[in-house]
Amino acid sequence: MNGTEAFQEIAGIYNEGITTGNGTMGLLENSRLDKVINIFTVVILFISMISIGCTMELSKIKDHVVNPKGAVIALLAQFGIMPLAAFSIAKILQLDPIKAMTVLICGCCPGGSLSNIFSLAIKGDMNLSIVMTTCSNIAALGVMPLLLYIYCQGFAGLENAVPYVGIIAALAFTLVPCVIGIVINHYKPQYALIIKRVGLSILVISSIIVFALSGIYVKDILWMVLTADVLGAAALLPLIGFTMGYVMSVICQLNPQCTRTISMETGCQNINLCVTIMKVVFPSEVIGPMFLFPLVYITFQCAEALLLVLCFRCYETFKTQAQDMKIYKNVDVQLELVKL
């Protein structure tokens with residue numbers, strides 16, 4: 001069976017459940033709106049990758065090349081834990097082929113720029129975080145298609161259904177803006193901060209537009225993305241990433257700062273890349289409303305990351321107060337001894 005036939009087969013299985021009462025498909029057949037969403041999706045990915053590149057310094061890359069332990073462990077966590085977790089979740093929840101494929105793609109994606117923000121909030125190693133985000137996106141060019149090929153063998157109908165050429169092209173596309181960002185930061189660092197600030201504004205506006213247009217595009221069958229199994233997968237995947245990334249780095253005896261960083265890097269995926277692959281690479285009649293899965297995932301990802309940051313901040317506050325109290329008591333004891 002070739003890729004086209006596989007697409008048709010799994011699309012037929014999936015779309016059986018999204019036919020409306022009058023016999024027409026729930027998916028909107030507005031090709032113009034579809035193209036607009038695709039354009040904004042690509043723009044968002046391009047801007048986010050330039051921003052990642054602008055945070056990258058060649059000196060930091062050199063430091064981690066010389067001492068690669070943290071970066072290697074982080075890469076193993078990113079491409080070892082998350083794809084396996086996605087595969088396991090899809091099997092345990094008995095997801096249908098299309099849902100399983102979307103979860104697998106999300107799990108096999110490299111780290112995203114949000115991990116840098118959360119690493120900063122949790123007082124992690126920012127050098128490691130930035131290097132890890134960049135290296136994982138570069139490594140994804142070869143690793144992500146390989147992982148998808150391996151794990152898709154476990155689902156009937158998906159063996160030949162994944163458009164590997166399209167995914168590789170999308171991954172290669174991400175390297176161009178990333179390299180542009182690195183070059184700008186290296187030769188014109190004074191412009192890097194401006195680009196990041198302007199890029200963030202454009203990114204927020206574009207994301208809101210895509211979210212609104214996507215809601216209009218699949219409004220009749222939006223409920224297909226809000227089922228218990230999809231929500232369960234979206235909640236479990238980042239949680240497993242955060243937890244196992246931390247555990248793995250502790251086992252490897254990294255310092256607390258690095259363990260927190262790897263935890264954030266493992267659980268935070270490049271959602272912009274994931275959306276682009278699902279919306280642009282896959283035909284609309286195949287992926288259906290499941291191209292919105294990354295948006296559901298990022299909601300849980302951010303909520304869980306913020307909860308972890310809150311827990312860490314509370315722990316730090318109580319720890320500082322306990323240490324201050326201990327010092328205060330020691331001073332009191334010394335004063336009492338002096339009086340005696």
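# Helices, contacts and cysteines

Mentor: Let's start in α6, where Ser115, Asn116, Phe118 and Ser119 are buried. This is a predicted model, in which local features need pLDDT of at least 70 and side-chain atom pairs pLDDT 80 or more, while totals for chains, interfaces and linings use all residues. Residues are numbered from 1 along each chain as its sequence is written, and side-chain values use heavy atoms, without hydrogens and water.

Trainee: Why does Ser119 count as buried?

Mentor: Buried means under 20% relative accessible area, exposed over 50%, and partly exposed in between, with a 1.4 Å probe and protein chains only. Ser119 has a relative accessible area of 0%, so Ser119 is buried. Across the chain, 48% of the 340 residues count as buried.

Trainee: What makes α6 a helix, and where does Ser119 sit?

Mentor: Helices are DSSP runs of H or I with at least four residues, strands are runs of E with at least two, and both are numbered from the N terminus. Ser119 is found in helix α6, residues 114-121. The whole chain has 14 helices and zero strands.

Trainee: Which residues is Ser119 in contact with, beyond its neighbours within four places in sequence?

Mentor: Contact means heavy atoms within 4.5 Å. With those neighbours set aside, Ser119 is in contact with Gly124, Met126, Ser129, Thr261, Met264 and Glu265.

Trainee: And Thr276: buried or exposed?

Mentor: Thr276 lies in helix α12, residues 271-281. Its relative accessibility is 5%, so Thr276 counts as buried. Leaving aside neighbours within four places in sequence, Thr276 is in contact with Thr41, Val42, Leu45 and Val281.

Trainee: What about Cys135: why is it not called buried?

Mentor: At 26% relative accessibility, Cys135 counts as partly exposed.

Trainee: At roughly what angle do α10 and α11 cross?

Mentor: Axes are lines fitted to C-alpha atoms, for helices over the stretch in contact, and angles run from 0 to 180 degrees between N-to-C directions. The axes of α10 (residues 228-251) and α11 (residues 256-267) come within 7 Å and cross at roughly 150 degrees. The contact residues there divide into six nonpolar, seven polar and one charged.

Trainee: What makes a residue count as nonpolar, polar or charged?

Mentor: Ala, Val, Leu, Ile, Met, Phe, Trp, Tyr, Cys and Pro count as nonpolar, Asp, Glu, Lys and Arg as charged, and the others, Gly among them, as polar.

Trainee: And how do α4 and α10 meet?

Mentor: The axes of helix α4 (residues 69-92) and α10 come within 9 Å, crossing at roughly 145 degrees. The residues of this contact divide into 14 nonpolar, three polar and no charged. Among them, Ile73, Leu76 and Ala77 are in α4, and Ala233 and Leu236 are in α10.
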